[in-house]
Amino acid sequence: MSKANPFTPHSPVHTGMFVGRYFEIEALDKSLIQAKNSNPTHLLILGERGIGKTSLLNLAQMFACGEFPWKDEKHNFLTVRISLDENICIADLALNLRRAIEREISKENPEIAWLKKSWEFLSRFEAAGVAYRKEESANNSSQLIQEFIYSLIDTIKSLKDPTFVGQKKDGLVILIDEADKASKNLNLGTFLKNLSEALISENQNNILFILSGLPNVRNVLIESHESSLRLFQELNLKPLSQEDTVNVIQRGLDKSEKESGIKILVDEQAKKLFFLYSEGYPHFVQQIGFSAFEVNDDQLINETDVDTGFFGKHGALEQIGQRYYVRSFYTDIATDLQREILTIMSEKWNNWVSREQIKKKFTGKEYSLNNGIRALIDKGIIIPRDGVKGQYRLQWASFAFWIGNHNREKHRS
Ligand SMILES: Nc1ncnc2c1ncn2[C@@H]1O[C@H](COP(=O)(O)OP(=O)(O)OP(=O)(O)O)[C@@H](O)[C@H]1O
Ligand SMILES: [Mg+2]
């Protein structure tokens, strides 16, 4: 039976396959209403790798531009998305943003001469090379930021005026994914702080920023401007609940049924395993769903399918391991003795293990054990038990599985 696999471990989801995040969606909706009413609270979507930041940003984009309604409200913001990397300077950011705005506006109204006029200060950068943009951004940063801000203010004024855009907009939503990649030179925090103050004083406060990134994006902003973080409400993404995890699997199977006409069911035991192995981490749910779907050859996904999909050759555990754990096990961990501590702990999966239990099997000296435990805690690989001295567990259960499997494979080869 050959059917297209509906699970997406390699790409963020869009609306149809999106599950959960009700609190965040509610916050998003409120922020959009606030932005329309000239009092925006910008959003900062934070979370570890693969937790679903980009997927939530995709959803935010659809809500903001009105492609997807939430409750009865259909928003109507001009919505643009830009990405950052370490090399982007303030002139690049302005150029990218203008291009993105131009692209969105011209979808509805090809007449955009007014826009070019608002962003006239960029003309000197257009023909110039990277070196000039970088040099100007470094040497004339505050002047550039000021011109950039004026352009945005002019743009927002025009967006709210139907003579320019055909249909009046609620404002402008700017989505920036992977904001943790912003370089020091970009000075993102200062730019946002200055912009926000200028928008208030010009009475044009209808721009909403939605940033996402790894938790250290907070430092990126603070280092650039101490109080820039106060502009944001933080949305810390956590793993999905058991119910939402099962929903992800169900969504995938519904999609597959729509495309192939073949209905596949999941039994209760398999549902439990999906959650047990993934612990609700969205990336893992998609990967385990993908692998179990590959293994299954009838119309019922059962415990054996999930098990084989997870532990089998080229299965989910191997894929997840290559993406996440190889680095934690080899690059982030300094010594073989620390790896030994993890191996001993992994025998208990991610249950609490006492220092004494580790000590019984540990081949190194006592001080190596103490130092090792401390280093692993500092790196966030193991977690100390609150209120109980000398007990620890691995951060992720699937890491424990992976270590066990990996060591066995190494033995064999
Ligand atoms: N709400 C969700 N519902 C279903 N699947 C999801 C959801 N959020 C994320 N996923 C899945 O989890 C995986 C990771 O999602 P995404 O790329 O959005 O995470 P991320 O936090 O942006 O990751 P990275 O830090 O690597 O950029 C993808 O395979 C995606 O399909
Ligand atoms: Mg992402």
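Trainee: Which residues are closest to ligand 1?
Mentor: A residue is near a molecule if one of its heavy atoms lies within 4 Å of it. Here 21 residues surround ligand 1, and the closest are Thr8, Arg49, Lys53, Thr54 and Ser55. Please keep in mind that this is a predicted model, in which local features need pLDDT of at least 70, side-chain atom pairs count only at pLDDT 80 or more, and totals for chains, interfaces and linings use all residues. Residues are numbered from 1 along each chain as its sequence is written, and side-chain values use heavy atoms, with hydrogens and water left out.

Trainee: How do the residues of the shell around ligand 1 divide?
Mentor: Ala, Val, Leu, Ile, Met, Phe, Trp, Tyr, Cys and Pro count as nonpolar, Asp, Glu, Lys and Arg as charged, and the others, Gly among them, as polar. In this shell, nine are nonpolar, eight polar and four charged.

Trainee: What lies 2.8 Å from a nitrogen atom of ligand 1?
Mentor: A polar contact is a pair of N or O atoms within 3.5 Å. A backbone N or O atom of valine 19 is at that distance from the ligand nitrogen, while a polar backbone atom of glycine 50 is 3.0 Å from an oxygen atom of ligand 1.

Trainee: Why does ligand 1 lie between domain 1 and domain 2?
Mentor: Domain bounds come from an automatic or database domain assignment. Because domain 1 (21–236) and domain 2 (242–312) both give residues to the shell, ligand 1 lies between them.

Terms used:
Chains lettered and ligands numbered in written order. Polar contact = N/O pair within 3.5 Å; in protein donor to acceptor, adjacent residues only side chain to side chain.
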